[in-house]
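Okay, thanks for making time, everyone.

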Amino acid sequence: MQETLQALLFDVDGTLADTERDGHRVAFNLAFREAGLNWNWSVGLYGKLLAVTGGKERMKYYLECFNTDFACPADIDGFIAELHRSKTAHYTALLAEGRIPLRPGVERLLREARKKGLRMGIATTTTPASVQALLSQTLGPDSENWFDVIAAGDVVPAKKPAADIYLWAMEKMDLRSAQCIAFEDSENGVKSSMAADLRTIVTVNDYTREHDFSGAMLVLDNMGDPDQPFTVLQGNHDLVKGAVCLDLELVQRLAGSGGASA
Ligand code: XBP
Ligand code: MG
């Protein structure tokens, strides 16, 4: 028997907001410049670097595969950690300028879920400070409390595509995967949520449009709004018939369908 939907679990970067190209990428470059490094992550290169989740892990990947001539300091972990601290400070400062809005439909769905008593959690590879900055900048200073748990950054050693961050969030919320739905934007994210046995709704962005989302329940261009309809890219069109945006009624209909795969 199908279980009642109890919680929505959200990825952050790319799902709640388009943070990567104009947020994280820019902050990495500012940190590099401040440290006197001539590294520059272009929009194109950053798309390749996104293959690895986690900012510290991404910098190591860059050194291992894209900047192999760089003479790494003996304490490479300390060096990377310091760069990452600086990057996070730049990132939160960029968010404070209010330059990165939530994606279409996100605030609407969050407010509806909250109003109707659905529980919400966050499962992201991003640093907690970056999640807090995004939420408070876009939804207000108390919006962190909308979420029962904010599972972020290094709380689990194995980042997405590993299932660990979703498993950690569900354990903290005392929920099973059949009681939840995950929201993701990337292949690594969907691998992670599906490895945690979660039905997943995907909203793509420019970096992830061509990713493989097989197994996802539904793939949309964005969550849409009543005056800005979504486009269904993959999924059971009968189930979304008549819907123009991803509201709770549609999420519950999809959950009730048993999660027919795209
Ligand atoms: C996105 C990520 C993060 C950000 C950078 O994760 O992989 O690493 O790009 O953030 P998700 P940090 O989509 O799961 O939220 O530098 O703080 O790691
Ligand atoms: Mg993401």
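When I say helix or strand, I mean DSSP runs numbered from the N terminus: H or I of at least four residues for helices, E of at least two for strands. Quick housekeeping: this is a predicted model, so local features need pLDDT of at least 70 and side-chain atom pairs pLDDT 80 or more, while totals for chains, interfaces and linings use all residues. Residues count from 1 along each chain as its sequence is written, chains are lettered from A and ligands numbered from 1 in written order, and side-chain values use heavy atoms, without hydrogens or water.

So, what surrounds ligand 1? There are 18 residues, with Gly55, Arg58, Thr124, Thr125 and Thr127 the closest; being in that shell takes a heavy atom within 4 Å. Helices α1 (20-34), α3 (55-65) and α4 (76-96) each supply at least two of the shell residues, and α1 gives the most, with 3. Domain 1 (7-18 + 102-255) and domain 2 (20-96) each put in at least three, with bounds from an automatic or database domain assignment.

Now the polar contacts, meaning N or O pairs within 3.5 Å. Oxygen atoms of ligand 1 lie 2.6 Å from a polar side-chain atom of threonine 125, 2.7 Å from a side-chain N or O of threonine 127, and 2.7 Å from one in glutamate 20. On its own, ligand 1 exposes 450 Å², and the protein buries 96% of that, by Shrake-Rupley with a 1.4 Å probe.

Lysine 160 to proline 161 is a cis peptide bond, omega near 15°, and proline 161 is in the loop between β3 (149-151) and α7 (164-173). Then there's aspartate 174: not a glycine, yet phi is positive, about 55°. Aspartate 174 belongs to the loop between α7 and β4 (180-184).

Key:
Polar contact = N/O pair within 3.5 Å; in protein donor to acceptor, adjacent residues only side chain to side chain.
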